[in-house]
Amino acid sequence: MDTSPSKEAQSLGFIGIGQMGGAMVANWLAEGYSVRVYNRTAEKAEPLEKLGAVRAETPADAVPPSGIVMTCVSDDAALQSIFADGSIFRRLGADGIHVSMSTISPKTAAELAARHRKEGGTYLACPVMGRPDTVAAKRQTFYVSGPLSARRAVQPILERISRRVLELGDEPEAAHVAKLASNFLIAAVVESLGESFAFVEKSGLPAQVFFETITEFLFDCFIYKGYGKHLLSGEHREPLFRLALGAKDMSLVAQTAAETRTPMPLLSLIRDRYLASLAQGRGDWDWTAIVLEIRRQAALL
Ligand SMILES: NC(=O)c1ccc[n+]([C@@H]2O[C@H](COP(=O)([O-])OP(=O)(O)OC[C@H]3O[C@@H](n4cnc5c(N)ncnc54)[C@H](OP(=O)(O)O)[C@@H]3O)[C@@H](O)[C@H]2O)c1
């Protein structure tokens with residue numbers, strides 16, 4: 001059976017070759033797609049050029065006319081700056097699709113979706129659950145929301161490089177809301193694991209023994225297992241997900257919670273952990289480095 005991509009979907013554009021974008025594009029190239037890539041810092045796209053990607057000189061130049069372009073840049077401001085001059089909308093025209101993978105605010109997603117409806121292209125929310133190593137292994141999950149026709153057009157392309165594609169309906173904000181809530185939950189797991197590890201250690205029970213016990217039955221789940229192991233390793237300098245981006249996500253949750261009048265006292269505590277870690281100069285460390293603040297306060301560091 002021929003499993004190569006269909007003729008219509010063979011060409012993709014990709015803007016933002018960071019840790020996530022680089023890993024996804026490498027996988028699509030390996031699957032036989034031709035990909036035009038744009039990155040603000042052009043040399044970061046060189047490893048992908050060696051794998052067959054074509055380097056675009058401008059964001060709009062990466063967009064196949066009336067085709068599909070993916071974006072995966074740091075934050076709301078970065079995404080807005082790419083669309084500022086309107087050239088991507090024109091290039092997408094009536095039939096093109098923008099697959100928006102950055103973790104951004106639901107408000108920015110709704111505004112950008114409205115601009116697409118007016119100026120060209122369809123906005124498809126598609127934030128990613130998984131870290132760069134998960135992405136490289138094609139084990140990430142995509143949260144997708146937006147018009148059904150766009151979801152159907154993009155689904156086979158996403159399925160090629162992921163474990164699951166989970167649909168959250170027609171609204172452009174929905175997948176971003178789910179992504180932010182998911183990252184809040186993971187940060188809360190890191191916080192509570194860090195606190196409980198400090199608690200047992202200070203009472204003489206090795207954290208490793210406690211971790212093995214709870215993940216046997218109470219928390220037999222990959223988030224607890226994966227993050228628990230990471231915390232026990234004590235290695236937080238090499239970022240799989242940069243702490244500055246985790247801080248950005250907690251701020252987006254807070255911003256959205258304020259807009260929707262949702263009290264989230266636990267979020268306030270976690271956001272302060274991120275602010276403290278940023279103040280300690282750990283923005284480029286892994287986002288699990290907030291545990292160092294817990295351990296410092298417990299006099300374990
Ligand atoms: N890493 C993870 O585990 C993970 C998991 C799920 C979701 N995410 C989300 O995915 C997105 C990308 O994350 P990442 O880890 O790949 O980040 P990253 O490695 O820091 O890469 C960020 C990308 O955004 C680009 N960028 C930043 N500011 C820009 C601007 N003003 N104009 C144009 N491009 C700009 C960067 O270009 P330069 O190379 O020129 O700086 C780079 O390509 C973020 O929204 C993040 O929250 C990350």
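Analyst: Four bridges connect strand E5 (residues 97-100) with strand E6 (residues 122-125), and the two run parallel. Within this pair, Ile97 stands opposite Thr122 of E6. This is a predicted model, in which local features need pLDDT of at least 70, side-chain atom pairs count only at pLDDT 80 or more, and totals for chains, interfaces and linings use all residues. Residues are numbered from 1 along each chain as its sequence is written, and side-chain values use heavy atoms, with hydrogens and water left out.

User: How are strands and their pairing defined?

Analyst: Helices (H or I, at least four residues) and strands (E, at least two) are DSSP runs, numbered from the N terminus. Two strands pair if DSSP finds at least two bridges between them.

User: What handedness does the β-α-β unit of E5, helix H5 and E6 have?

Analyst: A crossover is right-handed if, with the strands pointing away from the viewer, the path from the first strand over the helix to the second runs clockwise. E5, helix H5 (residues 106-119) and E6 form a right-handed unit.

User: Which strands make up the open sheet of three?

Analyst: Its order is E7-E8-E9, with mixed pairing. Strand E7 (128-129) and strand E9 (164-167) are at the edges with a single partner strand each, so one side of each has no neighbour in the sheet. Strand E8 (residues 141-144) runs parallel to E9, and four bridges join them. Phe142 stands opposite Val165 in E9, while Tyr143 stands opposite Leu166 in E9. From E8 the chain crosses through helix H7 (residues 148-159) to E9 in a right-handed β-α-β crossover.

User: How many residues surround the ligand, and which are the closest?

Analyst: A residue is near a molecule if one of its heavy atoms lies within 4 Å of it. The ligand is surrounded by 26 residues, the closest being Asn39, Arg40, Thr41, Lys44 and Ser74. Domain 1 (7-172) and domain 2 (177-297), with bounds from an automatic or database domain assignment, both give residues to this shell, so the ligand lies between them.

User: Which backbone atoms lie by ligand oxygen atoms?

Analyst: A polar backbone atom of Gly18 is 3.3 Å from an oxygen atom of the ligand. For Gln19, a backbone N or O atom lies 2.9 Å from a ligand oxygen atom, and for Met20 a backbone N or O atom also lies 2.9 Å from a ligand oxygen atom.

Terms used
A polar contact is a pair of N or O atoms within 3.5 Å; within protein, one must be able to donate a hydrogen and the other to accept it, and residues adjacent in sequence count only if both atoms are side-chain atoms.
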